[in-house]
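Subject: Structure handover

Hello,

Here is the structure you asked for. Please open it first, then read my notes below.

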Number of protein chains: 2
Amino acid sequence: MNAEIITIGDELLIGQVIDTNSAWLGQQLSGLGIKLCYKSSISDNKVAILNALKDAELRSDIIILTGGLGPTKDDITKVTICEYFNTSLVQNDKVLEWVQSIFRFRKMPMLDVNNMQALVPANCEILWNKNGTAPGMWFDVNDKIFISLPGVPFEMKTIFEEEAVPKINSKFKLPSIFHRTLQTVSIGESFLAKKIEDIENSLPSYIKLAYLPSVGAVRLRFSAYGEDKISLEKEVEEYVKQVYEKISDHIYGEGDASLTQTLGNLLKERKQTISTAESCTGGYIAHQLTSVPGSSSYFMGSIVCYANKIKTQELGVSEDILRNNGAVSEECVMQMAQAVRLKMNTTFGISCSGIAGPDGGTNDKPLGTVWIAIASEKETLAQVFNFGDNRERTIHRTGLMAMDMLRKKILKG
Amino acid sequence: MNAEIITIGDELLIGQVIDTNSAWLGQQLSGLGIKLCYKSSISDNKVAILNALKDAELRSDIIILTGGLGPTKDDITKVTICEYFNTSLVQNDKVLEWVQSIFRFRKMPMLDVNNMQALVPANCEILWNKNGTAPGMWFDVNDKIFISLPGVPFEMKTIFEEEAVPKINSKFKLPSIFHRTLQTVSIGESFLAKKIEDIENSLPSYIKLAYLPSVGAVRLRFSAYGEDKISLEKEVEEYVKQVYEKISDHIYGEGDASLTQTLGNLLKERKQTISTAESCTGGYIAHQLTSVPGSSSYFMGSIVCYANKIKTQELGVSEDILRNNGAVSEECVMQMAQAVRLKMNTTFGISCSGIAGPDGGTNDKPLGTVWIAIASEKETLAQVFNFGDNRERTIHRTGLMAMDMLRKKILKG
């Protein structure tokens, strides 16, 4: 089963917009067991669209188009599809009613061009767009499926998931697929691969392991393909167990959970609270923690002490330490973490101080050196890292590492 | 002059990697006055690459390939190009020396596969890769140009800018192009377009205006194409003047400057300093300010007071105000901004408090309501906004708006 994607729009070609739609669709298709063989981006141009459709029909079973369904005159996907299938646009009354209700709800006047959203090629089935005015469309022609979706990502995603996937599943006999994803942190992709090399090599041909890396974190995705879903699940479970045995310390969760969300859930379950005292991250850790809805139940606040005098004034870091050990030192971050914990009356205090760069590195403390501390009532742990010479990455990795240190501490009790 | 891009790699099709390379190349080509007509992503597969090259050669003058140049066995771009041009791989001694020197420098053993990085098709010219081991390649065949680049973004970008662009410019007579970009903030794309509609309509055909929007900000890019660069510059200058007359308040800078960077420069020039007191943004504004290298010369610190008791304890917000006016009120943010300014002894104090959601909206203060205040020695200004129902966007737009308020205040003196 082969698929291809055609994205339509000049904004994609001149680089105004980065095409995230087709990466998302690629993930979904691969999740369904459909191989995406080709994707192309073309201009809002009739000849380009017709040629792309012709080429696609020759090589693929499922052809997904995105974009060009807006109400303005540069959106020509629908009329061009009509020309391709030698049919014409007809009004769909249910869609018209829906579009009119949206305008009534928004208390906006409806223009003629908006009415045209309800015109669709006569040979299509509607894929309902509950988030917008441009309907998705499904064409089943000579056993090839054409799916036309709007380019707006959240409209496209919902239509694909809720409307197109069920139709694809009933049209084609797809293999059973079972996915399981482990979220890892604080270990690089190649080190991870080395650690679980034996497990990976022992996988049967119908179970694949994918490494999906981002800065400081790697998702490990098992995908099993076959006839019997239950036995696939069981088999994957065995391999997952082996992976846990090798790297359990690095696995913070499964599925789509972020580390921030996972840490938040741990704190919430235990009714524990947290505050941060940040130097080199400049508020990034607090920002990450509060990006999770509901974080106000465990996050109290932060002292961002970028200047040394603020470290002394707000957190009581002793001037001796700043003079003798420096702001980037074990002693300094321990005082910071303890002080913010007491000040904000929280279960834990997190602190960090480091050299994010681009300047400020020395022989003793090269660029990227970061001290992180976690204070609780009983003890304060501190650890030093080197995150390298990129400012943004150092800030990002400091945040991940601080949260992972706290996560491990909570789990150890 | 038409170009097209072929990106090679399974990771692009299954959505493991979002293709940012081709958006960047699209921007560069459009900047050179070359129209990018088509881009495609294909698998690491010989037949797919050969077909893509054949199709591309029929419709485009410049064909840019990225990816598939690594040392492992799934990287087959070079051998496939050889097959396409009916030639063979030959060793390039300068590249071999370069690759060997990289391994010596990294103190890593060199494997046979690494030596193969120095093999290139006999009919190519080398595009030097000073950042990596895979050379770029330039093929001039029947007046069509084929450019093969590695997929690693920073290698690809440097080779394209420093090696390929000069060769493109000497091979083709491209029109003179002059770009000028105005950075605007706190006005939506459609309102902006409405305000400068007359100017846009009066542009001659050889001057284009592009809107490049992101959350809360829009870049306006004039591009002028012709023979005489100096007269183009002058002409654009006239239109830019007219735009400034209409929307000067919203233009914070030109070129690539970010609002954070621009604000930082203003503070640095005037030797002024800043601190923040953040509730709903949870440290985001401090994080943004400190994402700029050198920000320690003007940013002192922040009090992130997520919990109300921290607002009282650290910033002295009166309990009466919290009870009667609420934390999301003019009175509260004014006290916060004044207090943090005094506490950190800075020229300005920025504060904000709002309902980022998803819960917490009321009839009086719907979701997205945010109060922002700026305190200086003489006065404290506060303003209320509604940024809508998306948590992430509300946090982001609060940051932009707070920085823009301060920018305007500084400029007014």
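Start in chain B. β7(B) and β8(B) form a hairpin, with two residues between them. In the turn, B:Asn142 has a positive phi of about 50°. (Helices, H or I with at least four residues, and strands, E with at least two, are DSSP runs numbered from the N terminus.)

This is a predicted model: local features need pLDDT of at least 70, side-chain atom pairs count only at pLDDT 80 or more, and totals for chains, interfaces and linings use all residues. Residues are numbered from 1 along each chain as its sequence is written, while chains are lettered from A and ligands numbered from 1 in the order in which they are written.

Five bridges join β7 (residues 136-141) to β8(B), and the two run antiparallel. (Strands pair if DSSP finds at least two bridges between them.) B:Val141 stands opposite B:Lys144. Strand β8 (residues 144-149) of chain B also has five bridges to β3 (residues 62-66) of chain B, but those two run parallel. There, B:Leu65 stands opposite B:Ser148.

Now chain A. Four strands form an open sheet in the order β10-β11-β9-β12, with antiparallel pairing. β10 (207-214) and β12 (251-254) of chain A each have a single partner strand, so one side of each is left without a neighbour in the sheet.

Look at β9 (residues 176-185) of chain A next. Three bridges join this strand to β12(A). One partner pair is A:Gln183 and A:Gly253.

Best wishes
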